[in-house]
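Reader: Could you take me through the reading of a helix and of aromatic rings in a model, giving the general idea before each case?

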Amino acid sequence: MPGFTHTKESDINWNDADNVRRQILEIPAMVSRDEKYQNAMKNSDEQSARLESERALQQVIFAIMADNMELFKQFQDNPSFKKWLSDLVFNLTYNKEGRPYEAPPQEHKPIVYNFEPPQELQMVADE
């Protein structure tokens, strides 16, 4: 599959890695501003809040699709990446008060994501 590599780290080789990193860092704040998700954090159990987080994440991914088709494609076609991003967003944003997530200031250092697909999934890049 294009854009994938199978190495010890099993990282995705993004075509525009800087843009993808920037957008991934913005996603939790965008999801946490969703009113239904905020309401679920305040008034529902964690599982219900997770469902709202995943719904809001899907909407955010569709909203940024035009700006980054590569990120959208990975989210739609790669279940391991979708789960990793869903877990990341929920873990960063979930709180019982329903407060929006405030992203830390971005520094200009490279960011390394420890995204590792399941062992049974082997991906190779097309050169």
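Reader: How many residues does H1 have, and how far does H1 reach from its first C-alpha to its last?

Author: This is a predicted model, in which local features need pLDDT of at least 70 and side-chain atom pairs count only at pLDDT 80 or more, while totals for chains, interfaces and linings use all residues. Residues are numbered from 1 along each chain as its sequence is written, and side-chain values use heavy atoms, with hydrogens and water left out. Helices are DSSP runs of H or I with at least four residues, numbered from the N terminus, and the expected span is 1.5 Å times one less than the number of residues. H1 has 16 residues and reaches 24 Å, close to the expected 22 Å.

Reader: Where in H1 does the kink lie?

Author: A bend is the angle between axes fitted to the seven residues ending at a residue and the seven starting there. In H1 the kink, of about 30°, lies at Glu26, shortly before Pro28.

Reader: Is Arg21 buried, partly exposed or exposed?

Author: Buried means under 20% relative accessible area, exposed over 50%, and partly exposed in between, with a 1.4 Å probe and protein chains only. Arg21 has 24%, and is therefore partly exposed, whereas Val20 and Pro28 are among the buried residues of H1.

Reader: Which residues form the aromatic cluster?

Author: Rings of Phe, Tyr and Trp (its six-membered ring) pair if their centres lie within 6.5 Å, and planes under 30 degrees apart count as stacked, over 60 as edge-to-face and the rest as tilted. Trp14, Phe81 and Trp84 form one cluster.

Notes
Helix = DSSP H or I, 4+ residues; strand = E, 2+ residues; numbered from the N terminus.
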